[in-house]
Amino acid sequence: MCGIWALFGCDCSDLVRCKEALKVAHRGPDSFQINNLEGLKNSMVAFHRLHVVGGIGGMQPMILKKYPHLSLLCNGEIYNYKTLQKEFDYLFQTDCDCEIILHLYNEFGGKKASQLLDGVFAFIVIDTKQNCVMLSRDSYGVRPLYYVTTKAGVLGACSEVKVLIILITDTRFLSLINTLRHLVISLFFNYYYHRLFDELISNTLFFWCFFNALKFIFLYLLGLEEETVKRNIRYLFSRAVDKRLMGSRRVGSLLSGGLDSSVVAALTAQKLKEHGVAEPLQTFTIGMNSDSTDVIAARKVARHIGSEHHEITFTLEEGMKAVKSVIFTLETYDVLAIRPSVPMYILCQHISRNTNNILIMTGEGADEVAQGYLHFLEQPTPEDGHKESMRQLQQIYMYDVLRIDRCTAAHGLEIRAPFLDHAFTSYYLNLPADMRAPKNGIEKYFLRAAFAGANLIPNNTLWRKKEGFSTGVGEEGTSWFEHLQQHLEGLITNNEFARASQSYTHNTPRTKEELFYRQIFEKKFGSKLDRICTYQRRPKWAQ
């Protein structure tokens, strides 16, 4: 997790540029570098580093002696960099995993280079020989990247939107790299004209060729015998967890006591022992008191897997105090993103201030991949459920992935989400639709069944019904969001709410809670970004 920032063709002062670049300093608290680019007038790039893989050679922008015309800014981890280095016989100049991007780009170009990477990444390659800038990110947007082009010919790109607001004069020019697989922009140095050159998967998920090979190996050579499929799921997910332990910093795990976080924490504890790590895995849960549903459930799982467990509690007042910071951090006014982000933000703050854990494992992504949300129980057909899974994965960068990235990044932590591993998701999503559909009124049925009998987590945890994070952290039979709504009834008057339709014509607030968040959002960002939010959280058949 790092912060990357680039600005091309802007004649603002260096002081202004530096102030803007520093707005994402929280993403990389270990070191910072800002550079003018040789031969590029009015252009500057900056990098905030969280030191996870590689030594001093991992500082960026990365320019290799072999390719002096290429500059790289990358936020991410490339899990297969050693495999690719060996396969193509590349001689590395640094010990950084991101170096592989420059070698692949030089040999194969940006499109194939992106396709060969197994990891989570958002990167910018500046190619002065081809006169272009390439922007690319992983399929699910686990590592964020945003860009904006203006009518005046300025290009800005950054890990977070807040840094680009000064360039946004018309919301039509705000584009999210998260909707693309990779993008190349021609850069003519005399007058800085920017042209969209290549756009991949604007509306569909792109399954890379070598992951499709896994599908054929497992599905067709080994067949669809149920026990074999379950073994494959366990194997692929175990590998997904294992590869995410890459790095030199301590690994911790979020633990709500639900299926997803419990499986991730259990496998993480297991793999750390296999790698000879002496320190026990530290797990973290949060609730409004020690009797919150999630706190009780997580406590049981922690005992089962032998983790060093931490329980953090927060009050309504502490939650309300954090709301403004959360909205600024998330860069959204979406209610379903903000509600669970408040306790997560407080939890990440505690981890950062009180422990030495930097790499944080999480169970996000399982509900989208394995049909875990309760509305999946209402699907008309398994094919409808499959389409909904794919739609949610397309948009996950706006919701759960946004939440986990921003809440951790705000406190100098790095998130690891094995359920969004490309090999695992490619295999799971290519299983027959009826195999992945809920059964007997149980969501995520087949994923649960795949781990049944393994004694990885307690059996009642394995089959624990899906419960929203906002509900699980509540107290005394009242969820966190119900506490919020009750409190906000006294803060927003009926007359104020009645005027909301006049003040906000786009995504008009439907509740006092929505109005409260929208008011904070506009105070932080103005009205330039009011169209970046969407409420397409549920399919039409579950409205």
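Let me begin with a term: a residue is called buried when its relative accessible area is under 20%, exposed when that area is over 50%, and partly exposed in between, with a 1.4 Å probe and protein chains only. The model before us is predicted, so local features need pLDDT of at least 70 and side-chain atom pairs count only at pLDDT 80 or more, while totals for chains, interfaces and linings use all residues. Residues are numbered from 1 along each chain as its sequence is written, and side-chain values use heavy atoms, with hydrogens and water left out.

I turn now to the aromatic rings. Rings of Phe, Tyr and Trp (its six-membered ring) pair if their centres lie within 6.5 Å; planes under 30 degrees apart are stacked, those over 60 edge-to-face, and the rest tilted. Helices here are DSSP runs of H or I with at least four residues, strands are runs of E with at least two, and both are numbered from the N terminus. Phe237 and Phe451 are both buried. They also belong to a cluster, linked by ring pairs, with Phe419, Phe424 and Tyr428.

A further pair is tilted, because the ring centres of Phe521 and Phe525 are 5.1 Å apart and their planes stand at 50°. Both residues are buried. About one helical turn separates them, since they are four residues apart in helix α22 (residues 512-525).

Next, the nonpolar cores, meaning sets of buried Ala, Val, Leu, Ile, Met, Phe, Trp, Tyr and Cys residues joined through side-chain atoms within 4.5 Å. The largest has 147 residues, and Ile100, Ile233 and Phe237 have the most contacts inside it. Helix α10 supplies the largest share of this core, 10 residues. A second, separate core of 19 residues includes Ile4, Ala6, Leu73 and Leu145.

Finally, consider helix α13 (residues 400-409). How many of its residues are buried? The count is 10 of 10. Its cover includes β7 (146-149), α9 (316-330), α10 (335-354), α11 (366-369) and β16 (414-416), where contact means heavy atoms within 4.5 Å. In strand β7, Tyr146 and Val148 point one way and Tyr147 and Thr149 the other, and all are buried.
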